[in-house]
Amino acid sequence: REQKKIIDENGTLWASGWENALKFKEIEVISIPVNLELFLHKWNEEEGFPKTESSNIIINLIKKFKPDILFYDFYDISLLKKIKHQVTSIKKTMMWSGSAIMNESIFKEIDLTLSCSPEAVHYLRSKGIHSEHLNHAFNKLSYYHAKKTIADFDVIFIGQIFRAIGFHFQ
């Protein structure tokens, strides 16, 4: 738990924003940093599970939490299918999309896709994918962290550049 708290406070402001916002509505949320291998394997060790690959650890973490809703923010469709098959508590799945649609096929496996981008919502709906518009919120921890840091630059880029799919070359 201590490692997760440190990760949330310092490394995953996007994911932990959901936890922080929804706890005030008394909705329990846990974000799993699936791209932090050391965290996953340390959790697995502390829980007494045998050594295994990260995808199995992710599934065990989700099983332990027993969510009704899985908000999936990872573009691994095979992992999503394994989770849906093995975690029986999940009743609905959700996902987030910005303007760049990375892998359209994954959205077909999701019950609801939220997006801050009206054009993405329109596009997904045109493909028969249930999608709704939700404006970005602001994670107050971002402001706290900005105050703690010393600015080395006058301007900073925060976002994503998708070179592989050609989105930002159009």
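I call a salt bridge a side-chain nitrogen of Lys or Arg within 4 Å of a carboxyl oxygen of Asp or Glu. With that cut-off I looked up Glu 132 and Arg 125, whose side chains meet in a salt bridge at 3.0 Å, N to O.

**Ground rules**

I am working on a predicted model, where local features need pLDDT of at least 70 and side-chain atom pairs count only at pLDDT 80 or more, while totals for chains, interfaces and linings use all residues. I number residues from 1 along each chain as its sequence is written, and side-chain values use heavy atoms, with hydrogens and water left out.

**Entry 1: overall layout**

I took helices (H or I, at least four residues) and strands (E, at least two) as DSSP runs, numbered from the N terminus. The chain has eight helices and four strands. Along the sequence I read α-α-α-α-β-α-β-α-β-α-β-α.

For burial I used relative accessible area: buried is under 20%, exposed is over 50%, and partly exposed lies in between (1.4 Å probe, protein chains only). Of the 170 residues, 32% count as buried. Contact, for me, is heavy atoms within 4.5 Å. I took the contacts between residues at least 6 apart in sequence; 36% of these join residues at least 24 apart.

**Entry 2: the sheet**

I counted two strands as paired if DSSP finds at least two bridges between them. The four strands form an open sheet in the order β1-β2-β3-β4, with parallel pairing. β1 and β4 (131-133) stand at the edges with a single partner strand each, so one side of each has no neighbour in the sheet. Neighbouring strands are turned by 25° against each other on average, direction ignored. My axes are lines fitted to C-alpha atoms, for helices over the stretch in contact, and angles between N-to-C directions run from 0 to 180 degrees.

I then went through the pairs.
- β1 and β2 (residues 92-97) run parallel and are joined by four bridges. Ile 69 has Lys 92 of β2 as its bridge partner.
- β2 and β3 also pair in the parallel sense, over four bridges. Trp 96 stands opposite Leu 114 of β3.
- β3 and β4 are parallel, with three bridges. Leu 114 has Glu 132 of β4 as its bridge partner.

Which residues of β3 point which way? Leu 112 and Leu 114 point to one side, Thr 113 and Ser 115 to the other, and all are buried.

**Entry 3: helices on the sheet**

I looked at α5 (residues 77-86) next. Its residues Leu 79, Leu 80 and Ile 83 are buried. Why do they sit on the same side of α5? They cover an arc of only 100° around the axis, taken from the directions from the helix axis to the C-beta atoms. Their cover includes α4 (54-65), β1 (69-72) and α6 (104-107).

Helix α7 (residues 118-126) lies across β3 (112-115) and β4, at about 160° to β4. I noted that β3, α7 and β4 make a right-handed β-α-β unit. Right-handed here means that, with the strands pointing away from the viewer, the path from the first strand over the helix to the second runs clockwise.

**Entry 4: salt bridges**

How many salt bridges does the structure hold? I have six.

I returned to Glu 132 and Arg 125. Glu 132 is partly exposed, with a relative accessible area of 33%. Arg 125 is partly exposed too, with 46%. Further salt bridges share partners and join Lys 81, Lys 84 and Glu 109 into one network.

Glu 45 and Lys 42 meet through their side chains at 3.6 Å, N to O. They are three residues apart in helix α3 (residues 37-46), which separates them by about one helical turn. An α-helix has 3.6 residues a turn, so residues three or four places apart point the same way. Glu 45 counts as exposed at 54% relative accessibility. Lys 42 is partly exposed, with 31%.

Glu 47 forms a salt bridge with Lys 64, with the closest N and O atoms 3.1 Å apart. Glu 47 lies in the loop between α3 and α4 and Lys 64 in helix α4, so the pair ties together parts 17 residues apart in sequence. Glu 47 is partly exposed, with a relative accessible area of 34%.
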